[in-house]
Amino acid sequence: MIRTPSIRLAAAALATTSLFALANPAAAQESQPGATTSNATVANADQTGQEADDALGGDIIVTATRRAERLQDVPIAVNAISGDQLQQSGFQSVQDIQYQIPGVQFGTSPNDAGFRLRGVGTAGGFSSSSEQNVGTVVDNVVVPFGNPVQSLGDLDRIEVLKGPQGTQFGKNASSGVVNITTRKPDLNAFGGSVSAAYGELNDYNVNGSVNVPIGGKAAVAVYAFGRGYDGFVYNTVRKEDWGKVDAYGGRAKLLWEPSDDFSAYLIGDWSRSKQFGPGQLWTLNRAPALTDPLTAARFAAVAALGVTPSFNNDVSVEDGAGYTDERNYGGSLELNLKAGDYNITSITAYRRLDLRPFIYSIDALPFPIFTAQETGADRDFLSQEVRLTSPSGGTFEYVAGLYVSRLRSGIAGQNASAQLRPAVPFDPVQLSITNGLSSTRTTTDSAAAFIDGSVRLSPTFRLLVGGRYSYDWVDAESFSAIDPAFPPNVGPNGFTVPYAARARATGSVNKGDWSGRVGLEAKPSDDVLFYGTVARGYLGPTVAFSGLSGTRTNVDPQTVIDITVGAKTQLFDRHLTLNGNIFFDTYRNLQTSVFNGLEFLTQNAGGFEAAGFEVEATYRFSRRFSINASYTYSDTYFTDYVTACPASVTVLGAAAIAGRCSAPGSTTATPLFQARGEPLAGAPKHSVTAGANFDQPITDSISLDASATYYYRSKVFYDVGNSFSQQPGYDLVGLNVGVGAPDGRWRVGAFARNLFDTRFVSSVIGLPFANAGGAVNWETRDGRRTVGVQLSGRF
């Protein structure tokens with residue numbers, strides 16, 4: 001049931017009052033190794049003088065500008081949260097920062113993939129060569145695919161930088177960056193930690209770490225984890241629970257500091273994630289028009305299974321099996337050398353994503369209308385960055401460097417085969433809609449030079465300036481071969497209409513462009529900062545091939561101009577932190593995805609704008625009790641985007657189609673819709689986070705902590721102009737309470753995620769291979785309540 005925001009706000013307020021709760025993202029602490037956030041706060045209470053004032057003010061050191069700085073001193077719209085805060089709150093993954101940091105969303109479906117900041121993010125479809133609009137950086141390494149951080153227990157902090165950040169973080173940061181820092185090994189002390197959580201649906205999360213110093217000059221740290229949960233979507237045809245996930249892996253680190261002038265930091269990680277059921281966890285949302293015997297027969301079978309299509313339908317009627325299995329691994333070597341007052345940094349990194357063979361069916365009906373098999377899809381990435389960092393405190397502070405990388409997709413060929421049986425259940429004849437085994441390979445080489453910094457004009461004012469020039473070389477190819485499992489004519493799996501393998505098709509593009517920023521910072525006092533910037537973001541070109549037809553699309557570079565004006569303040573002896581900003585973004589050639597009824601294709605969407613503001617406030621009554629609230633308003637709309645006529649128009653008939661879908665290029669067979677003025681798919685106009693945080697010693701050896709979170713996101717449409725694709729606004733409440741040692745050596749707690757079991761989905765998209773008007777829900781585990789317990793300790 002979707003409750004109104006006012007009712008849920010009242011519930012959240014009641015929970016906050018009774019439990020004195022919320023882990024505050026704007027006030028993440030630099031915790032002692034192994035300590036939970038709440039207990040680290042208690043430890044900070046023992047400080048005196050300025051250190052105590054800073055603890056009360058909620059200071060956190062971030063590296064948003066590639067230089068360690070106090071969060072309140074960074075002239076960027078940036079939020080930060082500690083890994084301890086996320087883990088203690090009962091969350092399991094990096095994506096869960098969306099429930100604690102304002103203006104952040106995370107999508108798991110192709111037309112809403114990856115992180116969104118201020119409503120803008122990646123909608124890159126299934127293109128293997130496309131990059132994220134919101135970049136991900138882990139321990140100074142740009143990560144173009146996959147998730148190298150599958151568990152929170154090894155995290156130091158997560159920073160979210162909003163607006164173009166390409167000057168220092170690369171061209172794939174045109175809409176922002178999620179900057180993740182894991183814990184470094186400790187050279188001085190042996191220690192470790194263990195944590196375990198268990199909840200509904202056999203939701204489990206266990207992890208542990210150990211840190212071993214070596215001779216005072218080096219240390220090794222090893223971390224391992226396992227997490228997962230049972231299926232949460234019942235498939236009534238196969239009598240199976242779909243969506244079960246099991247993930248496990250680890251990370252090993254070696255830090256060597258032989259002198260004050262040199263250090264080497266080596267990191268390696270490996271993880272595996274398996275899901276039972278297809279990656280597309282679809283349930284029927286809406287039936288299409290039953291205007292022909294074939295559609296009527298198919299949906300009569302659905303009704304006979306006792307399933308009624310609706311937004312709240314959580315039962316699948318897919319008849320085909322599904323599973324996925326992927327391995328994600330890589331390593332990096334960071335070298336730091338002091339040359340006088342300057343620092344030279346070299347970062348060499350390699351990553352690989354190995355997607356094992358998998359099968360799926362995406363017709364959402366109890367017939368084998370569409371089936372697909374993939375032999376796997378491998379990607380790898382090699383990068384090298386060299387940076388020179390000037391000393392802090394000078395008139396001109398800067399970070400300058402060079403960057404090169406190679407991204408390969410479909411290393412051994414991304415072989416996919418798909419079959420369509422258009423007349424099932426009346427006729428089993430099948431078409432190979434991929435023309436056999438379809439294979440696509442893409443290689444993207446990139447090189448860049450950058451400099452970013454500030455010029456101190458006076459004790460109060462600084463000029464902010466930076467630029468980056470990037471050049472890309474993209475080469476791609478696509479072809480197909482006869483599929484021995486589904487050959488033309490009669491084969492082992494039935495009769496397939498004869499087809500011919502597609503000849504090798506190629507595409508390439510070479511292009512360079514710039515990104516950068518210029519702005520002004522005013523700091524009249526230690527606790528007040530004003531800033532304004534104009535930035536240009538750039539996302540490079542690519543070549544995309546249809547996995548079904550092999551049709552090539554040359555995707556042009558995407559650019560954005562961002563104007564941000566903001567303020568960061570701390571008032572009343574740093575009891576109150578009040579930050580805010582106003583932004584206006586203009587995008588050109590937005591790289592997005594279009595679902596053509598068969599598949600998602602990456603294309604350019606013409607013009608797009610986003611405008612709004614963000615405000616966040618935290619009030620700390622004491623070092624043990626604080627409350628906070630934040631609000632993001634983001635009005636997103638296309639200024640020029642021609643796409644397929646929306647299903648909600650098509651079902652109304654010829655007159656409606658002629659009235660709304662007559663954009664230039666339209667034909668009777670292919671009417672086109674001009675989406676000017678429509679919001680970006682998946683972009684909420686309003687988002688809210690709120691809550692409080694409480695921590696109180698009970699005795700000298702036991703401390704009580706409690707928290708509650710509130711999150712609200714307004715309605716969105718996942719298909720531009722299509723009213724059938726609506727996700728209503730929803731809000732979530734999370735609770736957490738625990739007792740433990742004041743120094744964090746042990747803790748026992750209980751948590752609840754999505755306390756009121758609020759129903760929401762990752763996406764609502766059109767039902768493929770059917771008449772217009774049908775829709776499916778893309779289910780998500782977050783749309784289910786989880787109540788559980790936690791145990792943690794450190795030594």
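**Aromatic close-ups**

Tyrosine 641 is buried, at 6% relative accessible area. This and the views below come from a predicted model.

**View 1. Aromatic pairs in the structure.** The structure holds 23 aromatic pairs. One of them joins phenylalanine 396 to tyrosine 398; the pair is tilted, with 5.0 Å from centre to centre and 35 degrees between the planes. Phenylalanine 396 has 40% relative accessibility and so counts as partly exposed. Tyrosine 398 counts as buried, because its relative accessibility is 15% and the cut-off for buried is under 20%.

**View 2. The pair of phenylalanine 638 and tyrosine 641.** The two rings form a tilted aromatic pair, 4.6 Å centre to centre, and their planes are 40 degrees apart. Phenylalanine 638 is at 1% relative accessibility and therefore counts as buried.

**View 3. An aromatic cluster.** Tyr99, Tyr711, Tyr730 and Phe760 belong to one aromatic cluster.

**View 4. Arginine 759 over phenylalanine 311.** Arginine 759 lies over the face of the phenylalanine 311 ring, at 5.8 Å from the ring centre.

**View 5. Arginine 781 over tyrosine 229.** Here the ring of tyrosine 229 has the charged end of arginine 781 over it, 5.2 Å from the ring's centre.

Notes: Residues numbered from 1 in each chain as written. Predicted model: local features only at pLDDT ≥ 70, side-chain atom pairs only at ≥ 80, totals over all residues. Heavy atoms only, no water. Phe/Tyr/Trp six-rings, centres within 6.5 Å; stacked < 30°, edge-to-face > 60°. Buried < 20%, exposed > 50% of the residue type's maximum accessible area, 1.4 Å probe, protein only. Lys NZ or Arg CZ within 6 Å of the ring centre and 35° of its normal.
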